[in-house]
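Visitor: I would like to learn how to read a few features of a fold. Shall we take them one at a time?
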Amino acid sequence: MIHSGGRRDLLPKNAHKGVIYILLTAASAALLFPMVYMVCNSFMESREVMKAYNEIEEKKKEIEKLEAQYNRTVEEKKMAISVKRQEIRYFRENSEDILPDDEYSLQFSQLRLDLKRLENDLEDYISSFELPDITHYEKKFNQSLQMVIEAQENLKKVTETFAIQSEVRLRLNEAQKRYDDALKQVENSIRTLEQKRADAKSEQLVYTQTVYEKKTEIQLAMLELDQMKKYLPQDGMLTAPMDAMIKTVSIEKGQASSPQQILFELIDKDSRLSIQWALNPEKAELLGEGDDVSFRVKGEKVELIKGKVGKKEFSSEKGMYLFASDVPAGSGSIREGMTVEISASQSSGEYELIIPNSSISTQGGIDYVFVLKERYGALGKEYYVEAVKISVIEQDDFHSAVTGALSSQDKVVSMSTKALEDGAQVKLR
Amino acid sequence: MGLKNFESLLRSESFLLAAKNTLIFNAIGVPLIMLLSLGFALLLNTGIKGLSFYRSCFILPLVVPVASVILVWQILFHEHGALSQLLQHFGLPAVDWINSKWSLAVLVLLYIWKNCGYNVVLFLAGLNSIPREYYESARIDGAGLWTCFTQITLPFITPTGFFVLVLSIINSLKVFRESYQLAGNYPDMHIYMLQNFMNNNFANLNYQRLSAAAFLIFVVIGLMVLVLFRFESRIGRDLE
């Protein structure tokens, strides 16, 4: 009798059951994998999308922060540069004054430090400056170009394969569309590349200009430094810092000097002294702006220094006119703080008849003078005066220029012991 | 017109390409699925534990709509998909599997994944129908595993195999659905099948060419089935 052991008995005795299980499990896993993946994906997709969206939002915020920080930093640097420029300009304007040695050295060191900082700043700027990377766009461009070539090849292949059949047209259109898209992409890439190149060029220009500015600033600072180096005490010799005149010498040969002691006082050759004076309104009328005046140190008999009236102003407080005139510093012996004599001359017209003011009598608003006349009377030759009407053309403190029925031969009475009247007999003394 | 439509059809390079691709796909896919199905059926028929679980695993791809699984295929075989990333991990270049010469392999894989389970079930049914006594007698007579397979299993399973073969061919001709969903109207030239050709002609309102192609395909498949029936009946006679 044959004993039936079931299906299991049909197996070869040497069959390895483990291998069978492994094979079947692997096959089952492979078959189930797409479905398991699909099921997992259905739960995970939305979460991944949200995660990606959140990441994008975070990146956006990060970019915004970086942009703000970048703008702030750039603004600060610009302001720092502006302040530094103003400081250098201010120092340049005030460096003309003579400073004591210590202060001078301090400022010199400060200037050198500033120069070093500028150099360092420039170096930092150069080292940190990076041109925009356009290799990415070039790579993209090349990829697009490759796509065009592939699309062209594909188009050619499709054209050859599908002759002129109706459905081929669709395929051709499809290929053509792909080609056109690729071409459009290439054009976009070219445009982007050009734009990036232009941007890079513009940034290069800005960079060059900035470097040029920085270099110029350094050159200026170096020039100033060199200029200051020139006036540094060298071997005990002090040299003049500018074209000037020695105003005072406070030390003599053989005397000992001490720090902070003033040895010489220099006056800029181009500087001027201002001479000021005041005149009452009457006299002030004779002197106007631009009129010639002469100055001389009071008590000295040296040559007159000529100048012009530079300013004329009425001071209501003093009730006088204030005049001012500038003369070159060092002119003659005039020094600051001295009192000077001022003389002014005014040229007027030529007059034929000038008589003393005392000769003129005024009666009823009419000016007249008495002219001496001769006549023969009972006692022989006698003198009398005749009143002649005149008009005063010009008058000063002592004399008057007149016109009237007078001649240069006429003798005009300038003084009398008694009041005169027309026809009165007089005696000469 | 007469035979002009057929003449034009046979001169059409697109039709010839589609026919060639379909033949290649059949030549690769059908034997492969037959071998794999039979192999898995034999393994499942060894009386292992958990047979129903494994059988369910094999059946599941058949009941899942392809459209929903195509996404997984695209993720796996995209140029930047999982497989390409795996290659890149080992320093190899990324491959656009769906739009290159590899597309045929992807389609074959999809075809096997989808239809293998069904064939396994059919083969299992065929295997179960073989009387156990035959094996027992052969084992008593000293027959080995290979002898049992060639002398008992193979002859008895031939009708089932024939049925599976016909079904596999039919299924392989219906692979257009997967191809269309995977690569669209105009897939890579390696997976441009007859169904793509017919579908595109239908979309272009070229019914004459479509009818001619359909008729031609019908004739070819009819002839093929006829040959297979003849072959099967000859084997059946031999078994008797």
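Visitor: Leaving aside neighbours within four places in sequence, which residues is Asn196(B) in contact with?
Guide: Keep in mind that this is a predicted model. Beyond those sequence neighbours, Asn196(B) touches Phe176(B), Ser179(B), Gly184(B), Asn185(B), Pro187(B) and Ile191(B). Asn196(B) belongs to helix α10 of chain B, residues 194-203.

Visitor: Is Asn196(B) buried or exposed?
Guide: Buried, because its relative accessibility is 0% and the cut-off for buried is under 20%.

Visitor: How do I read a pair of packed helices?
Guide: Two packed helices are described by the angle between their axes and the distance between the axes. Take α4 (residues 66-77) and α9 (residues 176-183), both of chain B: their angle is about 50 degrees, and the axes lie 10 Å apart. That angle makes α4(B) oblique to α9(B). The crossing is right-handed.

Visitor: Which residues of α4(B) and α9(B) meet?
Guide: From α4(B) come Val66(B), Ala67(B), Ile70(B), Trp73(B) and Gln74(B); they meet Arg177(B), Glu178(B), Gln181(B) and Leu182(B) of α9(B). By class, the contact has five nonpolar, two polar and two charged residues.

Visitor: And how do I read a sheet?
Guide: Strands of a sheet pair through backbone hydrogen bonds, either parallel or antiparallel. In chain A, an open sheet of three strands runs in the order β5-β4-β8, with antiparallel pairing.

Visitor: How many bridges join β4 to β5(A)?
Guide: Four, with β4 spanning residues 292-297 of chain A. Ser294(A) has Lys306(A) in β5(A) as its bridge partner.

How values were computed: Residues are numbered from 1 along each chain as its sequence is written. Chains are lettered from A and ligands numbered from 1 in the order in which they are written. This is a predicted model: local features need pLDDT of at least 70, side-chain atom pairs count only at pLDDT 80 or more; totals for chains, interfaces and linings use all residues. Side-chain values use heavy atoms; hydrogens and water are left out. Two strands pair if DSSP finds at least two bridges between them. Helices (H or I, at least four residues) and strands (E, at least two) are DSSP runs, numbered from the N terminus. Buried means under 20% relative accessible area, exposed over 50%, partly exposed in between (1.4 Å probe, protein chains only). Contact means heavy atoms within 4.5 Å. Axes are lines fitted to C-alpha atoms, for helices over the stretch in contact, and angles run from 0 to 180 degrees between N-to-C directions. Angles under 35 degrees count as roughly parallel, over 145 as roughly antiparallel, 65 to 115 as roughly perpendicular and the rest as oblique. A crossing is left-handed if the near helix is turned anticlockwise from the far one by less than a right angle, and right-handed if clockwise. Ala, Val, Leu, Ile, Met, Phe, Trp, Tyr, Cys and Pro count as nonpolar, Asp, Glu, Lys and Arg as charged, and the others, Gly among them, as polar.
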